[in-house]
Amino acid sequence: MHKKKLSIFLVLMLAVSAVLAACSGGSSDSGNSGQTSDDGGGKENVLNLSETQDIPNMDSALATDAVSFAVMDSVMEGLYRLGEGDKAVEGMAEGEPQISEDGRTWTVKLRDAKWSNGEPVTANDFVYAWRKALNPDTAAEYAYIMYDLKNAQAVNTGKMKPEELGVKAIDEKTLEIQLENPVPYFKELLTFATFLPQNEAFVTEQGDQYGLEANTVLYNGPFTLAQWKHEDRFVMKKNPEYWDADTVKLETINTKIVKDTQTDVNLYESGELDRVKLSSEFVDKYKEQEGFQTVKEASVFFLRLNQTTNDVLKNVDARKAIAMAYDKTGITDTLLNNGSVPADYFVPAEFVQGPDGKDFRETAGTYLETDIDAAKEHWEKAKKAIGQDTVELELLSYDDDLSKKVTEYLKEQLESNLEGLTVNIKLQPFKQKLDLETAMDYEMSLSGWGPDYPDPMTYLDMYVTEGAHNQSGYSNPQVDKLVQQAKTTLLTDEQARWDALVEVEKLMLEDAAIAPIYQRARAYLTNPDVEGIVYHKFGPDYSLKWAEVTR
């Protein structure tokens, strides 16, 4: 999760739900919201949750983070949505798509569905939204995820007009999609938020306010965003216009913004919250309690290293020194204590398998393991090359409590093990931190990435030279070449494509393009009366369509 913007997004995302921008000030109630604040824990089918960060943006063309994506999964719906086992199930699409023999043309029939204002969802809503996301004037960070569409990259780079994109409405309920090449995971890719539809007339009417308040968005998902009090809470209500409303059991979902885990736990104990994420100090206390669970994710956390603004970080030995100079188990086993594991890689373990049935990690091996002696050697070599005995580097991070602890741990480890290094911590609220990364106004940044679709490419194409989420200045022509081949000419040779992706990760980690830290798991404490929350390894962290409260 901008965030796989990991992100994928986002984004530290230890207790934070996001991979990868918090709206400031104000609140808004939609016209059909009714009474929505604090429905309490005693009402049937009212689910009370918390997030550490506010929703950054409800415009599907601009969202990049895990909080926005999780909310969009509840209040909006694309052609398909993720169901159990991360399989794509029907959304606005009705029945299976008709796929041409060469795999390049998909014809999708839309069901009779409505927006929350009663207007029909049409094929043109998809055409408009996809053209908007790829229009260079929109500056959508996730535009690249649509590059499998015919002419998408040319449109996004201004070489073609949006009208030349390979998508068109045959009629109100028939959408034709043309691809540059066949994509084996395209159905799952279509579940991603950037592929959501938008009602053109409504978006145009809202102008630059679209997506910033509850009443400046239309909804076609299981719920509507009925109330959004920025930096305080947001409330979702069951959407009576949703095509599959009979399946939806929850009537209300209340979400409080709570940045402190102790407060979260207190609210859970008092019955005001139904699910909380536990930080390390609470895991041992609650691990035997009914409702405790750990969920291993495919999100990987790492240090971004900006190679454009600092001569030290331009040096590969300096980057390797930083990547190998901290004990990752100190973070996973002590600060997290939730099943997270050290990551000596970028593409996560237990995520995807190759044509031989082996996990990517089993084939690809490990890189940049903690090795203090080797780190010191690389550091001395780097200092000699740049002619400096002392170095100051700024470490950007999030301002939640657990992120502070992890950032302070990294500072202590790096300063202790790399002689002459001073690390200055810069803590920022979620949105400001993401904005600084996007503007590349940082030196080192604690970041995370969650996958957007089930393929190693969702990680690896981040670091092509012009990658939208590169945000570091890293460039390796061989990486660029192999990624392009894996997206085009190698699509018909599954093993050769897999080998190319393994090589891409090897190249970028041998260059220390990033400094991997850990693969995340999360510890949850959930009210035993809550059932049906579906967790995902890519896309939104979880889905609430099938959830219910049985109390």
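**View 1. Buried residues of helix 2 in the predicted model.** The residues of helix 2 that are buried (under 20% relative accessible area, with a 1.4 Å probe and protein chains only) are Ala123, Asp125, Phe126, Val127, Tyr128, Ala129, Trp130, Lys132, Ala133 and Leu134. Helix 2, residues 123-134, is a DSSP run of H or I with at least four residues, and its twelve residues reach 17 Å from the first C-alpha to the last, close to the 16 Å expected at 1.5 Å a residue, the expected span being 1.5 Å times one less than the number of residues. Among the elements that cover these buried residues, through heavy atoms within 4.5 Å, are helix 3 (152-156), strand 7 (167-171), strand 8 (174-178) and helix 5 (200-206), where a strand is a DSSP run of E with at least two residues.

**View 2. The largest nonpolar core.** This core, a set of buried Ala, Val, Leu, Ile, Met, Phe, Trp, Tyr and Cys residues joined through side-chain atoms within 4.5 Å, has 153 residues, and Trp130 and Ile177 are among those with the most contacts inside it. Not counting residues up to four places away in sequence, Ile177 touches residues including Leu79, Trp130, Leu149 and Phe186.

**View 3. Surroundings of Asp400.** Asp400 lies in the loop between strand 15 (391-398) and helix 12 (401-417), and its side chain makes a polar contact (N or O atoms within 3.5 Å, one able to donate a hydrogen and the other to accept it) with the side chain of Ser403 at 2.4 Å. Although buried, Asp400 has no salt bridge, and the nearest side chain of opposite charge, Lys259, is 7.4 Å away; a salt bridge needs a side-chain nitrogen of Lys or Arg within 4 Å of a carboxyl oxygen of Asp or Glu.

Residues are numbered from 1 along each chain as its sequence is written, and side-chain values use heavy atoms, without hydrogens or water. In this predicted model, local features need pLDDT of at least 70 and side-chain atom pairs count only at pLDDT 80 or more, whereas totals for chains, interfaces and linings use all residues.

Methods:
Buried < 20%, exposed > 50% of the residue type's maximum accessible area, 1.4 Å probe, protein only. Lys, Arg positive; Asp, Glu negative; His and termini not counted.
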